[in-house]
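Open the model in your viewer and keep the sequence panel beside it.

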Amino acid sequence: MKKKLLSLALCTVMSASLIAGCGSSGSDSSGGGSSDQTSEEGSGAAGNSESGSSEAADLSSFPADTIKIGVESFDTTDEQFMALQEYLDYLADNLNLEMMYSESIDSAEAEMDFIDSCASAGCDAIFAYYNVSPEAIQEAIDKGMYYWGTEQYAPDYEDNEYYVGCYTFTEGDSDENGDYLGGYQLGYSLGEQGVKHVFYCNGGASFGVQMFIDRQSGFEAGIAAAQADGYEIEYDSSADVIEGWPGTDDFTAAVSSKLSGDYDGAAVSFNAATLFQPINDAGKADSIKIAAIGGVNDTYYDAFNSGLVSTIVYDCEEVVFGNGIVSIINAVTGHGDVTRDGDVAGRVLTYRWTLQDADQFNAIYDLHDNGEYYITAQDVANLCAEYNSSVTFDEINSYYQSFTLENTVK
């Protein structure tokens, strides 16, 4: 097990790597998890209960022809992306897949260059973990490659066979999008944990970035709900918001000002590691709770187990993003109908997991650290029509939607 002590060097984080979760907010958020999943030993589609690298069959020749996939990232050093890369490499090791990863992409021009490079290298599809420009979809299509994206659904392309859809965050029967719901959990959880006064780091909300606008709206709704339920948490949107990103004088000064006050809670709409050192320097490591959109990784391991970070809203990599590989395999192998929800490209509904319990955090951490996953390569194959001729989009959608935290991590 890694479980190494958190290096203070991790607390200096480039602003470009602070976004935990890619893409802007979606709008389709219906449905809820239904089928029971097993514990961290693995779930298994279509009755499979294998986990990690212990597959039920040799899948190295499935699909019959190697599928090469270009994977686009905004920051190759971001821990969530690195965790996703480990999962994609695991799938490539067990299935007949090949991954081609981008360098860190920070502009529409760099994105187009990568897509063109993928086409030249013979890629069959683009796995857009990150997207800068809508024109990238058209570029991929023009180059004869399938395109799967993040929560940024592209209705202009939903009728195009080369656009195979995306995931969409959901939360039961709520009609709010995943970023709003994630922000809501940040606010409400701090209230129920007894925090009395909270400040909020809103990231790109003040710059008009929709995902951060939605996270802030959800956070404020969560605070209001906590107050309505009798929790004594205080928050003033005119005084308790820190705007923008770390790395600027204004952000640093604002954090110092808040930490010199009576705040005992902080909510962060991006990677909260940037607060660890200032909180330690202020002597408040034992008197403040942090809620963040974040990951189950080394950055948060010590902070979560010590109680400094009390809530993480987490995108489980194989659940939230892994369904893109299923869509791509189905499309490339000639089963594009399995990627369609009726007549249009499908949205696979997934859940963010709100972690407030160290046992849950550690169960996920240990499983992944052991090279195992809740959704295995065998499970992915079972969701591909070339391997399982009876599978449908509705079954794929229901399968991924069934992975709630409660159903999955026991």
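Select Cys166 to begin. This is a predicted model. Cys166 has a relative accessibility of 1%, so it counts as buried, the cut-off being under 20%. Next, pick Cys316. Its relative accessibility is 0%, so Cys316 is buried as well.

While you are on cysteines, how many disulfides are there? The count is zero. The test asks for a pair of cysteine sulfur atoms within 2.5 Å.

Now move to Lys143. You will find Lys143 in the loop between α3 (135-142) and β4 (146-149). Is Lys143 buried, exposed or partly exposed? Lys143 is partly exposed, because its relative accessible area is 44%, and that lies between the 20% and 50% limits.

Show what surrounds Lys143. Neighbours within four places in sequence aside, Lys143 touches Asp116 and Ala119.

Last stop: a helix pair. Select α8 (residues 298-306) and α11 (residues 358-369). Their axes are 10 Å apart, and the packing angle is about 155°. Angles over 145 degrees count as roughly antiparallel, so α8 and α11 are roughly antiparallel to each other. Their crossing is left-handed.

Show the side chains of the contact. From α8 come Asp298, Tyr300, Tyr301, Phe304 and Asn305. From α11 come Ala358, Phe361, Asn362 and Tyr365. Colour the contact between α8 and α11 by residue class: six are nonpolar, two polar and one charged.

How values were computed:
Residues are numbered from 1 along each chain as its sequence is written. This is a predicted model: local features need pLDDT of at least 70, side-chain atom pairs count only at pLDDT 80 or more; totals for chains, interfaces and linings use all residues. Side-chain values use heavy atoms; hydrogens and water are left out. Buried means under 20% relative accessible area, exposed over 50%, partly exposed in between (1.4 Å probe, protein chains only). Helices (H or I, at least four residues) and strands (E, at least two) are DSSP runs, numbered from the N terminus. Contact means heavy atoms within 4.5 Å. Axes are lines fitted to C-alpha atoms, for helices over the stretch in contact, and angles run from 0 to 180 degrees between N-to-C directions. Angles under 35 degrees count as roughly parallel, over 145 as roughly antiparallel, 65 to 115 as roughly perpendicular and the rest as oblique. A crossing is left-handed if the near helix is turned anticlockwise from the far one by less than a right angle, and right-handed if clockwise. Ala, Val, Leu, Ile, Met, Phe, Trp, Tyr, Cys and Pro count as nonpolar, Asp, Glu, Lys and Arg as charged, and the others, Gly among them, as polar.
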